[in-house]
Amino acid sequence: MLLFGILVVFQTLSLPGQFAYMAKESPDLAYLRWPMTAVSVFGVLCIQVVIVSTWKLLTMVRTDRIFSAAALVWVDVIVWAVVAAWTTLLGVFLYFAPKWSDPAMPLLMLLTLIGVAVLGLLMVVMRALLRQATALRTDMEAVI
């Protein structure tokens, strides 16, 4: 819950304030204020969706309801949030990478893209494992 609260503060105060400051200090980049605010807030929203979905899944583990179709819905929500974040990050990368003269930032963004892609692929594997475990549990309950 603490992380979620910190992200809400970051999303509503810090990010808009940071980009407003950037626009004031660098008027040549002021046109990026609102697009970058929107993209950043959306990225934080994706993280919040993952946190809420994980929280719901952990609650299902605690109540021994994790092997159900309802759990698969929350895993799908996580997968789609990761896909949305990755797609947005890819768009930012494709827009800005050709404009940077220093290779450090494009490489850092590329590394982040790869990391988010790995996270997404890991979630797809976990979804498949949960689906198989749910089917096995359903079969076992039918036998008993």
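**View 1. The largest pocket of this predicted model holds about 720 Å³ of space**. Its lining is made of 26 residues. Val-39, Gly-43, Ala-85, Leu-89 and Thr-112 lie nearest the centre of the largest pocket. Start from these five names to find the place in the structure.

**View 2. Helices α2, α3 and α4 each supply at least two residues of the lining of the second largest pocket**. Where does the largest share of this lining come from? It comes from α4, which gives five residues. By type, the lining of the second largest pocket divides into 10 nonpolar residues, one polar and one charged.

**View 3. Helix α2 packs against helix α3**. Two packed helices are described by the angle between their axes and the distance between the axes. Helix α2 covers residues 33-62, and helix α3 covers residues 69-96. Their axes come within 9 Å and cross at roughly 160 degrees. Angles over 145 degrees count as roughly antiparallel, so α2 is roughly antiparallel to α3. The residues of this contact divide into 20 nonpolar, three polar and one charged. What is the hand of the crossing, left or right? Helix α2 passes α3 in a left-handed crossing.

**View 4. Val-77 is found in helix α3**. Is Val-77 buried, partly exposed or exposed? Its relative accessibility is 29%, so Val-77 counts as partly exposed. The cut-offs explain this: buried means under 20%, and exposed means over 50%. Now look from Val-77 to Met-105. How far apart in space are these two residues, C-alpha to C-alpha? The distance is 30 Å. In sequence, Val-77 and Met-105 are 28 residues apart.

Note on methods. Residues numbered from 1 in each chain as written. Predicted model: local features only at pLDDT ≥ 70, side-chain atom pairs only at ≥ 80, totals over all residues. Heavy atoms only, no water. Axes fitted to C-alpha atoms, helices over the stretch in contact; angles between N-to-C directions. Helix = DSSP H or I, 4+ residues; strand = E, 2+ residues; numbered from the N terminus. Parallel < 35°, antiparallel > 145°, perpendicular 65-115°, else oblique. Left-handed = near helix turned anticlockwise from the far one by under 90°. Nonpolar A, V, L, I, M, F, W, Y, C, P; charged D, E, K, R; others polar. 1 Å grid on protein atoms, 1.4 Å probe; cavity = no way out; pocket = protein on both sides within 12 Å on 5 of 7 lines; lining within 4 Å. Points joined across faces, edges and corners; volume = space filled by probe spheres on them. Buried < 20%, exposed > 50% of the residue type's maximum accessible area, 1.4 Å probe, protein only.
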